[in-house]
Structure formats: structure tokens, C-alpha cells
Amino acid sequence: VQRKNLEINHIRTGFSLSILMGLFFGISLFFLSNIIADFFKMIDLVVMLKTIAFVFVFESFSLVAESLSQRNMKFKRISIISLISFVVGYGLVGITLGFLEFGAWALIWAYISQTFIKTILFLIIQKHTKKIIFDLKSLKELLYFGGGFTIAKIANYIAGQGDNIIIGKVLGDVSLGIYGRAYQFMVMPVGLFCSAMDKVLFPLLTKFQDDKKSMRDIYFKGINSIALIALPLSVIVYIIAPEIINLFLGDSWEEVILPFRILSISLLFRMSYRVSDSLARATGEVYKRANIQIIYAVIVLFMSWLGTKWGINGVALAVVISIFIKFFSKY
């Protein structure tokens, strides 16, 4: 997406590398499932993780197709494919299996179904060469940017899940369940809005990567648009948090309300730094971004550990403070 000049060898090498990495992560998760389950003291995770490991493999076949659609700014195509796969995966498979009392497996098969359908649709609609080849020159060019992007992505994932890891390990699965519901309700609007925004903003910014003035204008317009949505949303969510939780979860989940309110304070900052992430990737500053993401992940883990002294509410506050620190960094 970010490269100004894209050649056929870049596509072939990217496709080959994607499949190789999919196999690597899929096999790694498969054989590490016992260790992960032991870490969380949840023996049922073993089979679940081994099943999910296959997602890495077949999703790797469509990553290049999806990226090319994004590069070509085919956002309608991306939206339709995402909608269809979500409706079938979660709306049909997930809900049906949920009613049939499959428990956690309903969500797992919903996720697998969504990913499989999304992969098939992208492969059918976005045509590209699928020849397996590793061109050394293209590989070096892709790995320089892709390496920094991947490191940042992994660090960001650790930061996003760090609080859950700490709570699951220190406070147990009951506390994790309560906190997880609060976190889920908070990130839902962030995920929906920011994911759509990033798919548009990143390729748009790359078109102007040599025009700093235009990039600056797009960046500030993005921040202003987010502020118009995030500020009132944050206030509304904080005020009506009890009603939201009671409506969707019932009055037996009152413990979710306070951590949900605390996390809602960070909505503006959580959504705004996603614009900075898009800018950093578009300008090729992936290693600077990776360093900041690594520091952010360490801060989240450390602050979350400190927060466990005050339970899940302490962890929620720790996460908010970590997000403030991340937002006020350069990227």
C-alpha cells in the first residue's frame, strides 16, 4: 500500500512471504497452545487455540488481495466483503451455534467462518499473480517497511491485550470476564470507526507522501473529525453507562459499569492516536513508530500490573494513563 512504485515481483514476493508467515504463526500457535493454556490455567484453551491456529494459514492467502484493494482505494469493495463475511460468520454461524449452546466454540467458529469467507471473496474479486517466488531485491524492499510495520503491529497487539493478560494471570478468569465486557463495549465504537477511517486515511496519505502541506491538512482534518465524534460520545457513554450495561448485559453485571466509565474517558485519545499511526506508516516512519509502540506495550503491562492492587478498576485507570502517555508522544 505504501510503496510509490509497485512491480509484479513485489506482489509475487509479498504473496509468497505472506503464506510463509501464515504457516510460521499458525504452526507456532498450534505447538505453543499447551504453554499458553498452562499460563492462564485454562486447560480448555488447548483445543481452541489449536483450532484457531489454522486461521493464520488460510487468511495469509488473501492479505495481498486485500492490500491491493486498499491501495487502489476500492473501499466499497472492502466494505461489502467485510459486511458479508461478518453477517455470515457472526450473524449466521455464531448466533446459530450460540442458540445450540456451543458456548465459546460459537465465537470461535464464527471467527473462523468470517475469516474463511472474507479470504475466498478477496481472492475471487481482487485478481493478482499468485506465483510463488522470492525476488531478493523485492524482498529487501518489502521487508524494510514490512519489518518495521510488523514489529509495531505485534507491540500494539501486546499493548491492546496486555491489560487482559495481567488481569487473567493476577486476578483470575472471573475478573477478566468482568473487565473484558467493559473493555469490549469501550473499544467497539473505536474499532468500527477507526478501522474504517484507517483504511481510507492510510492509502490517501501515501498518495501525498511527497507533499507535506497536503499531508498536514489531511492529518488535522482527521483529528478534528474524530474530536467532533469522540468528545460528545465520551460524555454520553460516561453518563448513561449504567443504562448501556443493563440493556445489553442485564442488572447482574453492575460490576462492569465503573471500569466501563473509566475506560470511556480515553475515547478521544484512543481514537486520535490511530490517525498518528496512519501518518507514521504513510511517511515510512515505521521504525520510529515501532519503538514507540514497544515502549507503549511495556508501559501498559507495567501500569496494569500496578493497577491490580486496586482490582479491575485500578487496571482500567492504568490503561487510561498509558493511553494519555501514548497520545502525547510524537506519533
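This is a predicted model: local features need pLDDT of at least 70, side-chain atom pairs count only at pLDDT 80 or more; totals for chains, interfaces and linings use all residues.

Start by selecting Ser16, which sits in helix 1; helices here are DSSP runs of H or I with at least four residues, numbered from the N terminus. Numbering runs from 1 along each chain as its sequence is written, and side-chain values use heavy atoms, with hydrogens and water left out.

Is Ser16 buried or exposed? Ser16 is buried, because its relative accessible area is 4% (buried means under 20%, exposed over 50%, partly exposed in between, with a 1.4 Å probe and protein chains only). Now show what surrounds it: setting aside neighbours within four places in sequence, Ser16 is in contact with Lys131, Ile132, Ile133 and Phe134. Contact means heavy atoms within 4.5 Å.

With 32% relative accessibility, Met21 counts as partly exposed. Helix 1 (8–40) and helix 6 (136–170) are the elements that give two or more residues to it.

**Salt bridges**

How many salt bridges does a search of the whole structure find? It turns up 3, where a salt bridge is a side-chain nitrogen of Lys or Arg within 4 Å of a carboxyl oxygen of Asp or Glu.

- Select Glu66 and Lys118: their closest N and O atoms are 3.5 Å apart. This pair links distant parts of the chain, with Glu66 in helix 3 (residues 63–71) and Lys118 in helix 5 (residues 104–125), 52 residues apart. Glu66 counts as buried at 12% relative accessibility, while Lys118 is partly exposed at 22%.
- Hop to Glu141 and Lys137, whose side chains meet at 2.9 Å, N to O. They are 4 residues apart in helix 6, so about one helical turn separates them. Glu141 is partly exposed at 26%, and Lys137 is exposed at 52%.
- Finish with Lys213 and Asp217, at 3.3 Å between the closest N and O atoms. Both are in helix 8, again 4 residues apart, or about one helical turn. Lys213 is exposed at 54%, and Asp217 is partly exposed at 34%.

If you'd like the geometry behind it, an α-helix has 3.6 residues a turn, so residues three or four places apart point the same way.

Select residues 75–99 for helix 4: 25 residues, reaching 34 Å from first C-alpha to last, close to the 36 Å expected at 1.5 Å a residue. That expected span is 1.5 Å times one less than the number of residues. Colour Phe75, Ile78, Ile81, Ser85, Gly89, Gly94 and Leu97, which are buried in helix 4. Just after the helix, check Glu101, which takes a positive phi of about 65°.

Next, jump to Pro203 in helix 7. Pro203 is buried, with a relative accessible area of 1%. Not counting residues up to four places away in sequence, Pro203 touches Val1, Gln70, Met73, Phe75 and Asp198.

**The core**

Which residues touch the most other members of the largest nonpolar core? Of its 48 residues, they are Tyr179, Leu205, Ile226, Phe260, Leu263, Met271 and Val275. Helix 7 gives the most to this core, with 12 residues. Such a core is a set of buried Ala, Val, Leu, Ile, Met, Phe, Trp, Tyr and Cys residues joined through side-chain atoms within 4.5 Å. Zoom in on Leu263: leaving aside neighbours within four places in sequence, Leu263 is in contact with Tyr179, Ala182, Tyr183, Met186, Ala316, Val319 and Val320.

Last stop, helix 11: 15 of its 16 residues are buried, so it is largely enclosed by the rest of the structure. Helix 11 reaches 24 Å from first C-alpha to last, close to the expected 22 Å. Just past helix 11, Gly284 takes a positive phi of about 80°.
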